[in-house]
Amino acid sequence: MKNLFFVALIVMGFTSIKAQDKYFTKDASINFDATAKSSPETIAGKSTTGSSVIDGATGNMEFAVLIKSINFEKALMQEHFNENYLESSKFPKAMFKGKIDNLKDINFKKDGTYKANISGNLTIHGVTKPVKTTANFQVNGQRINATTDFSVVMKDYKVSIPSLVKDKVAKTATLQVEANYQQLKK
């Protein structure tokens, strides 16, 4: 019985150690911009409800955002974005599952600025494609701020742009992400 109790204590200790290496956010901001260079109209939206988790021990990370949470300045633009382009009823969220490739260069426990090479799979509109990008991590105490931006070719994710608005909507959208992570506590 004492051995079982001892094993249970060890397992609980390892579980709490692992929880200390996980960081999360549920209010990451995502800026989506698909404004064509020749367009007088801005085609851009923003969400502040992205969720993400990073495992500091393995470098694994996940990120998700509900498509309907991306807000546009004009209601009609938001309606077209959700109904015609990203079909958010059929494909309600965008997701990224990947890894920090150079984890050995990043210390989430030490204040500083770190550049991360990230690779993984991005799913938008039901289509999953591999992506590589860089992110900047700013560690300050127990808070971690992460920023990245990258481009997405709309047709790669089977997002079609009607010929009626092809001069207003860019074929490549820019995504800017900012996340403020906190340590996951159990």
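Predicted model: local features only at pLDDT ≥ 70, side-chain atom pairs only at ≥ 80, totals over all residues.

Reader: Which residues lie nearest the centre of the largest cavity?
Author: Those are Phe63, Leu122, Phe150, Leu175 and Val177, out of a lining of 34 residues.

Reader: And what is the lining like by class?
Author: There are 30 nonpolar and 4 polar residues, and no charged ones.

Reader: Which strand gives the most to that lining?
Author: E8 does, with 6 residues. Several strands supply at least two residues each, among them E1 (22-35), E3 (60-66) and E9 (169-183).

Reader: Switching to charges. How many salt bridges does the count come to?
Author: It comes to 6 salt bridges. One of them pairs Lys22 with Asp55, whose closest N and O atoms are 3.4 Å apart. Lys22 sits in strand E1 and Asp55 in strand E2, so this pair ties together parts 33 residues apart in sequence.

Reader: Nice. Is Asp55 buried or exposed?
Author: Asp55 is buried, because its relative accessible area is 16% and the cut-off for buried is under 20%. Lys22 is partly exposed, at 28% relative accessibility.

Reader: What does Glu41 form a salt bridge with?
Author: Glu41 pairs with Lys168, with 3.7 Å between the closest N and O atoms. Glu41 is in the loop between E1 and E2, while Lys168 is in the loop between E8 and E9, so the bridge joins parts that are 127 residues apart in sequence. Both are partly exposed: Glu41 has 21% relative accessibility, and Lys168 has 37%.

Reader: Which residues are linked with those in a network of salt bridges?
Author: Lys74 belongs there too, in a network with Glu41 and Lys168.

Reader: What about Lys90, what does it pair with?
Author: Lys90 bridges to Glu87, and their closest N and O atoms are 3.8 Å apart. Lys90 is exposed at 57% relative accessibility, whereas Glu87 is partly exposed at 25%.

Reader: Last one! Where does Glu73 lie?
Author: Glu73 is in the loop between strand E4 (71-72) and helix H2 (75-85). Glu73 is exposed, with a relative accessible area of 80%. In sequence Glu73 is 30 residues from Ile43, and the C-alpha atoms of the two are 8.8 Å apart in space.

Methods:
Residues numbered from 1 in each chain as written. Heavy atoms only, no water. 1 Å grid on protein atoms, 1.4 Å probe; cavity = no way out; pocket = protein on both sides within 12 Å on 5 of 7 lines; lining within 4 Å. Helix = DSSP H or I, 4+ residues; strand = E, 2+ residues; numbered from the N terminus. Nonpolar A, V, L, I, M, F, W, Y, C, P; charged D, E, K, R; others polar. Buried < 20%, exposed > 50% of the residue type's maximum accessible area, 1.4 Å probe, protein only. Salt bridge = Lys/Arg side-chain N within 4 Å of Asp/Glu carboxyl O.
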